[in-house]
Amino acid sequence: MKTIFVTGGAGFIGSNFIFHMRSAHPEYRIVCLDKLTYAGNISTLKDIMEDENFRFCRVDICNRDAVNRLFDEERPDIVVNFAAESHVDRSIEDPSVFLQTNIMGTGVLMDACRSHGNVRFHQVSTDEVYGDLPLDRPDLFFTEETPIHTSSPYSSSKAGADLLVLAYYRTYGLPVTISRCSNNYGPYHFPEKLIPLMIINALNDKPLPVYGEGLNVRDWLYVEDHCRAIDLIIHKGRLGEVYNVGGHNEMRNIDIVKLIVHALGKSEELITYVTDRKGHDLRYAIDPAKIHAELGWLPETKFAYGIQKTIQWYLTHQDWWEPIVSGDYMNYYEQMYGDRLGHSGR
Ligand code: NAD
Ligand code: DAU
């Protein structure tokens with residue numbers, strides 16, 4: 001049996017990856033390390049909490065001693081690092097925690113990998129490290145050779161981490177890979193991000209805040225497709241390599257918001273144009289040719305289907321997002337798991 005560490009597994013993509021791994025590789029022992037910041041929600045993992053091949057540990061990846069202790073106890077074969085501060089707008093308000101978690105935390109994890117037998121390390125990165133593309137050049141895409149050219153403190157911190165990961169490969173021979181994915185959507189997406197925010201606000205007949213004129217373009221990928229890509233990379237990817245992940249599904253923000261409004265039978269009058277994000281990236285667009293050619297990866301979920309499935313998920317999982325909107329979810333961990341996990345961490 002192999003043991004995989006999934007950091008940030010109480011967040012959006014990390015939790016979906018845990019569910020993916022449980023069904024695709026039931027032979028794995030999965031250990032989730034998560035600090036449970038505002039973005040981490042332990043209730044997301046409630047169905048897997050009692051599995052004997054699963055362990056949740058409330059750990060800050062920047063805490064070297066705690067991370068090393070867990071490596072000593074569990075002796076992981078693979079570490080997949082999702083843990084990060086992930087919201088661009090928050091990074092513009094206060095960059096410091098982004099530098100701490102996204103760069104320093106990645107360094108702590110890789111040091112633990114080095115000192116525990118050169119453990120295989122995968123860094124979950126983002127297309128935002130490439131900066132943006134102009135709106136009037138639909139022929140341009142991000143390839144793995146596109147220079148790093150960041151816009152926000154968030155993307156700069158992710159780029160810093162990527163450089164560190166590649167340096168650990170070259171300098172220490174740590175077995176690493178990096179995936180740079182486009183915008184994900186799907187279940188358990190925290191409602192500060194565009195798609196879940198718009199769904200929930202529309203359901204509550206609240207204004208839908210569109211930045212600028214809503215003409216910025218993002219390249220949307222259903223989260224399960226991202227999880228399958230990471231699964232392939234950690235098992236078959238070439239060490240020291242970067243893989244871009246995206247599904248050629250570019251949409252303008254305003255078109256996504258209108259689609260959600262119509263799907264929920266609401267009025268476009270809810271749409272409210274607000275002051276633009278500072279340094280707002282215009283367009284992201286991934287060229288996924290390398291991961292397709294080398295690993296045979298292709299996206300499976302068409303956006304038209306995935307977005308309806310996602311809207312349906314939010315309609316039927318108010319019990320998940322209402323406590324987030326009200327703030328109650330922050331107490332859930334202490335109520336449900338405080339005593340049980342307090343001593344052994346198991
Ligand atoms: P998220 O904000 O939903 O989840 C982040 C998780 O990390 C949370 O559970 C949080 O508690 C945990 N965390 C934060 N700081 C921590 C720390 N110091 N120690 C331990 N845990 C900590 O993020 P997400 O959208 O699921 O993104 C996951 C990863 O994927 C991030 O690295 C992000 O940069 C990357 N990514 C996201 C997208 C996207 O569209 N969401 C696209 C490409 C790449
Ligand atoms: O491209 C990958 C990145 O996608 C990830 O690395 C980030 O972690 C993830 O948060 C996401 O970043 P974006 O900034 O693209 O996502 P966000 O959902 O914040 O915004 C999507 C677009 O919608 C962006 O152009 C800003 C706009 N927007 C966003 C919000 C929250 C609005 O117009 N109104 C809003 O209220």
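**Entry 1: the model.** I kept in mind that this is a predicted model.

**Entry 2: around ligand 2.** I looked up which residues sit around ligand 2 and got 24 of them. The closest are Thr-126, Asp-127, Tyr-154, Arg-277 and His-280. Sorted by class, the shell holds 10 nonpolar, 8 polar and 6 charged residues.

Entry 3: For Asp-127, a side-chain N or O atom is 2.6 Å from an oxygen atom of ligand 2. His-280 also brings in its side chain, with an N or O atom 2.6 Å from an oxygen atom of the ligand. Leu-194 uses its backbone: an N or O atom there lies 2.8 Å from an oxygen atom of ligand 2.

How much of ligand 2 does the protein bury? Taken alone, ligand 2 exposes 690 Å², and the protein buries 94% of that. I also checked which elements give two or more residues to the shell, and they are α6 (194-203) and β8 (208-211).

**Entry 4: α8 and α10.** Helix α8 (residues 253-263) packs on helix α10 (residues 303-316) at an angle of about 55 degrees, and their axes are 11 Å apart. Because of that angle, I noted α8 as oblique to α10. I looked up the handedness too: α8 passes α10 in a right-handed crossing.

Definitions and conventions
Residues numbered from 1 in each chain as written. Chains lettered and ligands numbered in written order. Predicted model: local features only at pLDDT ≥ 70, side-chain atom pairs only at ≥ 80, totals over all residues. Heavy atoms only, no water. Near = heavy atom within 4 Å. Polar contact = N/O pair within 3.5 Å; in protein donor to acceptor, adjacent residues only side chain to side chain. Areas by Shrake-Rupley, 256 points an atom, 1.4 Å probe, with all protein chains shown as cover. Helix = DSSP H or I, 4+ residues; strand = E, 2+ residues; numbered from the N terminus. Nonpolar A, V, L, I, M, F, W, Y, C, P; charged D, E, K, R; others polar. Axes fitted to C-alpha atoms, helices over the stretch in contact; angles between N-to-C directions. Parallel < 35°, antiparallel > 145°, perpendicular 65-115°, else oblique. Left-handed = near helix turned anticlockwise from the far one by under 90°.
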